Amino acid sequence: MSDLLETIARVRREVCDLHAELTRYELVVWTAGNVSARVPGQDLMVIKPSGVSYADLTPESMVVTDLYGVPAEGEWGNPPFSPSSDTAAHAYVYRHMPEVGGVVHTHSTYATAWAARGEAIPCVLTMMSDEFGGSIPVGPFALIGDDSIGQGIVETLRNSTSPAVLMQNHGPFTIGKDARSAVKAAVMCEEVARTVHISRQLGEPLPIDQGSIESLYARYQNVYGQ
């Protein structure tokens with residue numbers, strides 16, 4: 001097997017496995033939501049097929065497309081499925097943010113509730129400072145079908161420390177250096193959306209000053225962990 005075939009097989013397994021994390025953390029219902037990953041060193045990506053149950057996903061059912069969302073022909077063989085309806089958005093992100101290796105979209109309840117109000121989630125938790133480096137921003141309203149959503153994601157996140165954006169009236173999209181990092185960001189986005197919502201029911205959350213946010217973010221990104 002060639003190096004490219006081995007790489008695509010690995011990325012397909014990874015993308016398939018990561019969809020189980022979306023159901024594990026209850027970020028999706030039915031067939032909604034998707035994970036994609038860039039194929040390293042290639043103008044290719046791997047994404048979930050459209051409308052296929054999570055329980056029926058296999059590595060071989062993951063669709064390989066070019067960076068315009070068109071299914072790509074090759075020895076790897078594509079399944080008889082159309083790629084996710086959000087493929088154009090994912091592809092636009094990969095074309096315009098070369099540092100991004102993974103993209104995730106969910107309709108997780110609390111994050112989507114903030115998106116429905118068109119309101120950024122304010123940075124009132126040290127966890128948010130660590131993970132997002134500030135508030136989670138809102139992206140513009142855009143219709144599904146072309147790369148309009150992708151344009152909104154890129155415009156909002158290109159100069160932001162946040163790996164998550166709440167697309168207005170739609171839901172969260174997250175990015176990462178790889179697909180696993182993007183899934184982590186989706187999990188954390190829903191967690192802080194829920195916590196800040198609950199805090200608001202009790203009263204007005206206390207803001208964290210910008211200097212502390214920057215200090216917490218720098219420590220977490222550069223020092224924390226093994």
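A: Happy to. Two strands count as paired here if DSSP finds at least two bridges between them. By that rule S4 and S7 pair in the antiparallel sense, over four bridges. Please keep in mind that this is a predicted model.

Valine 103 stands opposite isoleucine 175 in S7. On its way through the sheet, S7 also pairs with S6, in the antiparallel sense and over four bridges. In that pairing, alanine 164 sits opposite threonine 174 of S7. The hairpin of S6 and S7 has three residues between the strands, and asparagine 169 takes a positive phi there, near 65 degrees.

Glycine 139 is the residue opposite methionine 167 of S6. Together with helix H5, S5 and S6 make a right-handed β-α-β unit.

Now the whole sheet: seven strands form an open sheet with mixed pairing, in the order S3-S2-S1-S4-S7-S6-S5. S3 and S5 are the edge strands, each pairing on one side only.

The largest nonpolar core has 27 residues, and Leu22 and Val35 have the most contacts inside it. Two or more residues come from each of helix H1 (3–24), strand S1 (34–38), strand S2 (44–47) and helix H6 (179–202). H1 gives the largest share, seven residues. The contacts of valine 35 show how these parts meet: leaving aside residues up to four places away in sequence, its partners include Val15, Leu18, Leu22, Val46, Val103 and Val183. A second, separate core has 20 residues, among them Ala89, Ala142, Ile153 and Val165.

H1 itself has 22 residues and reaches 32 Å from its first C-alpha to its last, close to the 32 Å expected at 1.5 Å a residue. Its buried residues include Leu5, Val11, Val15, Leu18 and Leu22, along with Arg12, His19 and Glu21. The elements covering the buried residues of H1 include S1, S2, S3, S4 and H6. After H1 comes glutamate 26, with a positive phi near 55 degrees.

Helix H2 (residues 87–96) also packs against the strands. Seven of its 10 residues are buried, so H2 is largely enclosed by the rest of the structure. The buried ones are Thr87, Ala89, His90, Ala91, Tyr92, Val93 and Tyr94. They pack against S1, S2, strand S3 (63–66), strand S4 (102–105), helix H5 (148–157) and strand S7 (171–176).

One last stop is valine 39, in the loop between S1 and S2. Beyond residues up to four places away in sequence, valine 39 touches Leu4, Thr7, Ile8, Leu44, Met45 and Val46. Valine 39 and glycine 102 lie 63 residues apart in sequence, yet their C-alpha atoms are 9.5 Å apart in space.

Key:
Residues are numbered from 1 along each chain as its sequence is written. This is a predicted model: local features need pLDDT of at least 70, side-chain atom pairs count only at pLDDT 80 or more; totals for chains, interfaces and linings use all residues. Side-chain values use heavy atoms; hydrogens and water are left out. A nonpolar core is a set of buried Ala, Val, Leu, Ile, Met, Phe, Trp, Tyr and Cys residues joined through side-chain atoms within 4.5 Å. Buried means under 20% relative accessible area, exposed over 50%, partly exposed in between (1.4 Å probe, protein chains only). Contact means heavy atoms within 4.5 Å. The expected span of a helix is 1.5 Å times one less than its number of residues. A crossover is right-handed if, with the strands pointing away from the viewer, the path from the first strand over the helix to the second runs clockwise.
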